[in-house]
Amino acid sequence: MASFDPGRSLFRRLLRLYPRNFRERFMEEMLEFFREERAEASSRGFLGLCRFWLCTLTDLLFSAFRMRTGGKPNLHTQPRRFGPGGAHLTSQARRPGGGMMLDLKQGATSLRRSPGFVAFVVSTLALGVGATTAVFSVLDAVLLRPLPYPASSRMMLIGTLIRGQEPGGSPGPYSSADFLDLRADPGPFEVLVAQEGSRAVLTGQGDPERIHLARISEGYFEMFGARPALGRLLLPEDDGLRVMVLSHGFWQDRYGGDPSVLGRTLTLDGEAFQVIGALSPEFIPPEVLPGSGAAAWLPMGLSVGEPDRSSFGMGVVGRRQIQSTPDDGRAHVGRVLSDDYGPDKGANFIQGSVVVDLKEATVGAMGRTLSVALASVFFLLIIGCVNVAGLLLTRGATRQAELAIRSALGAGRCRLVGQLMGESLILGLAGGALGACVAYGAVDVFRKVTPGGLPRLTEVTVDHRALAFTLSVSLAAAILFGLVPAVRAARSAGNSVSGMARRATQGQRAARLRGALILAETALAVILTVGSGLMVHELVRLTTADPGFRPGGLVGISFRLPRSMEREEWQSFYGTFLERTQGLPGIQSSAVTTHLPYGQYALVQIMTPRDARYEGEGAWLPTVLVSRDYFSTMGIRLASGRWFSEADLRGETDGIIVNQALASRYWPSQGAIGKWIKSGAPDLEEDEGSFEIVGVIADVTAQPGQAVPEEIYRPYRAESWRNMTVVARTDPETLDGVTAGLRSLARESLPDLPVTITTVQSLFREAMARPRFYTVLFASFGALALVLAAVGIYGTTAFATRSRTREIGIRLALGADRSRVIRRMVTRSGIPVGIGVIIGLACAFGLSQLLSSFLYHVPSRDGATYVAVGLFVLIVGLTAALFPAASASRIDPATTLREEG
C-alpha cells in the first residue's frame, strides 16, 4: 500500500483551480512532472525545495487565473502539447513554476536588447521612488511618528503668554514660584516636570570648557522614559545636592566612555559636583525645553531656597490624566496663573497662559516645509511614472509587427501579455530595489547636510513602513506600466502581418495619448521649476542684500565672566580688555557689545513709546548695549540725529539710539529724534526710566530672510552685563593673526576662562545654512523635474519617430523639404509642450502661497520668474523634440523604403 504524500495531495487539490475539462486531460501528466521536479529540487537541499514550492504555487495561481479569465488553450489540437500557461508545453513551460519563469526569462532576453531603454526606465523609477521614500521617511519621523516617550500623546508644553504677544504664540518661560503653584494644584495633570538651561565652565579636567547644563525637577527622567547607561539617575532626595548625570554624548566624547568617571568630582563655575551616572544613548530629551542639548543634568533644587517669581527661565511639561482633555489642561493652567497675575494684582508682563501639545510644539512650522517637500517629490514620482508609461506605450506600439508574427505562429493572447508583463515586472522590481538603495543613501545624506533646527533629526531613518511604501510603489508601477500597454498590444496582435507592415502611421488615438503624456509631464515640471526659480531668486537676493554694515574683516571674542566676579568688576574687565586690544597689531578699531548680527539677542525688554501715534501695550524690544566705537567699528550708517555724546556714555544723560524700523513704526511722519521711550509697561505706576532718542541708524540685518526687528542701542556702562562680546575690525588678510592675538590676550586676562572667537562672516554663513539648504533642496527637485521632462519628451518623440520612419521616407522621396519635415515633427510635440507650460504656470500661480513662508525679498508671484521659467521650459521641451526629428530627417529615403518594403 502506497504511503500518504502530503505534498502531492496538496498539489492535486490546488489543480482544482483549473477548468474541469483541462484537469481531465492533463492532471496525470502534471502530477508526474510535479513528482519529477520535486525530487530534483529535494536533491538541492532545503533552499532548493523552498524555491520549487514558491515557483510552483506562484505559477499555478497565475496560470489558473489566466485560464479562468479567457486564456484557455486549444484543447482540440495537439492536446498533449499544451500546459496551464496556454502556450506550447515545452520542457520549460510544462514544469510547475515554469510558466512565470519562462515569461521572466523571455522578458529579460527582450530587455537585454535595449540597454538604453532599460537604464532610463529603471533609473527614472529609482529616482522617483527613492526620493519620495526618503522625504516620506523624514516626514514620518518628524510629523507622523509619536514622540519617543511613554504616553506622549497626553504630554503638553505649558508656558506663559507675554504682554504684547499674539494669542496662539509659542509658550513663554515659567518662574519657579509659578511652577510650584501649578504642581501644588495639578488639576487634570498626573505629572508635571520643569527644566531650565544654563552654561558653566568646566575646569580641572584639561583645558577649560564651557558646557551646557540642564537643571530638572523630580520625576523628569521617569516621565520621559530615560534609563542610565552607567550608575543611576537623579532621585527626589538628590534635590539640593551637588550631583550630576552626564549625557551619553558628553560621556563618550569627553571621557571616551570610561566607567571610572562614576563618582568623580567635576568643577563647574568653581563648584564641585559628583558624577552619579550617565544616560543611555536611546534617550532623546525634548527639544523645546531650555537646555535640551545639555552635557550634564543637575537637580533644580526647588526644595531649598525661596521660590522666585521675578526670574523666568523654566520650560514646563505636563502629562494629562487619561480621562482629561487638552481644553481641561488649558483652562486649569489659566486659572492657576490668574491667581498670581490677575487684574487686581497690579500691572505685570504676564497676561495669560499658553498650553499646546508637546508634539505640535516640537514640530512647529516644520510640518509645512516637509509637506511642500513631499508634494514636490511626489510630483517627481508622477513625472517619472508618466515618462515610463509613455515609453512603454510607445515601445509597445512599435512592436505590433513582432507581436502579430508571434500570434500567427500560435502564441496565445495570455502568452503575449505574460511576456510583456514579465518585462514590466522586471523593470518595476529593479526600479524598486534601486529606489530602496537611493532612499537609504538620500536619508543618510539628508541627516548629514541638514542644518541645525530640524526637529527630531536623530530619529530620521528608513524603517519598515517606508520600505513597504517603496515596494508598493514599484509593484504598482509594474502593474500600471505593464498591464495597460500589454493588454493593448495583445488585442491588436491579431492583425495580419502584412497589415501591420503596411501601416505607415500610428492612429490618432495613440498620438493623442502621447501628446497628453507630454503635456502632463511638462506642466508638472513647470510647477516645480517655478518653485525652484523663486527659491534661487530669493537666495540671490539674500546673499547680495545690503546688511546695513560692513561684515568683512570683523572678528568677535565672546566672554562669559565667572559668577565670582561682582557687577563693578564686569565693567572694569571689559574696559581694560578693550584698551589692550587697541595695541594689538592689525586691529583698526574695537568695541564692546551684547549682540552681534546673525546671533541671538542677549537682552529683550518691554518698552513703551511716548507721544507716539501707536496705541497699544508696550512691546518687547531688543536692547543692545554698546561702547563708544561700536557703530564705527561695524560700519553702521547714521540716518539722522547724532552719535552718543560723552555724557551719554558716562550715564549722565538718558540718550539712546534706535534703528529705522522702530522709528518708522512709531513715528512714520514726525521723525523719532527727540521722542521718548519709557521702560516697562504703560500701566506701571512706578517709573522704571525714560530715554530720549538722540539718533537713528540704518537698519542692520538680524537674520537673513527675516524682517528687521525694532532695536534700541544704549551705552554699556549704563547697565552692566556679564556676557558680552568684544568685536574688532581688521583687514581680511590679517584676520588669522588678529584672531590669535585676541585669544592670547584673553588667556592672559582670565587663564581659566574659555572664550569663543568667531568672525561675522562665519556667523553669516551659519545663518544662511538653512535658507541655502532649502534652496538647494527645492532647486534640485526642479532641476530633476526638468531633466526628467526633457528626457521623457525626447524618448517619447524618438520612439514615435522610429515608428514613422516609412512615412518620413515617403515624404522625403516625394521631394518634401527636410526643414519642413523637422518643423512638422517638432510641432506635434511642441504643441502639447506649449499647452503644458501654460497649464503649469497657471497651477504654479495658484499654489504659490505654499512658498510664501520661504520668501522675504521676492514675492511668491514674481512675474519675471514665471516668464523666465516658462520660456526656459518651452525651449528645453522644443529642443528635446528637435533632436530626434533632426536625426530622422537625415535618413536615406531609398534605404528606408527598401527596409520597410
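## Overall picture

Among the protein's contacts (heavy atoms within 4.5 Å) between residues at least 6 apart in sequence, 80% join residues at least 24 apart. This is a predicted model in which local features need pLDDT of at least 70 and side-chain atom pairs count only at pLDDT 80 or more, while totals for chains, interfaces and linings use all residues. Residues are numbered from 1 along each chain as its sequence is written, and side-chain values use heavy atoms, leaving out hydrogens and water.

The protein has 27 helices and 22 strands, taken as DSSP runs (H or I, at least four residues, for helices; E, at least two, for strands) and numbered from the N terminus. Of its 901 residues, 50% are buried, meaning under 20% relative accessible area with a 1.4 Å probe, protein chains only.

## Where two helices meet

Let's look at helix α1 (residues 6–14) and helix α2 (residues 20–42), whose axes come within 11 Å and cross at roughly 140°. Axes here are lines fitted to C-alpha atoms over the stretch in contact, and angles run from 0 to 180 degrees between N-to-C directions.

## A look at Val386

Val386 sits in helix α12 (residues 366–398). Its relative accessibility is 13%, so Val386 counts as buried. Leaving aside neighbours within four places in sequence, Val386 is in contact with Leu517 and Glu521. Val386 and Ala520 are 134 residues apart in sequence, with 7.7 Å between their C-alpha atoms.
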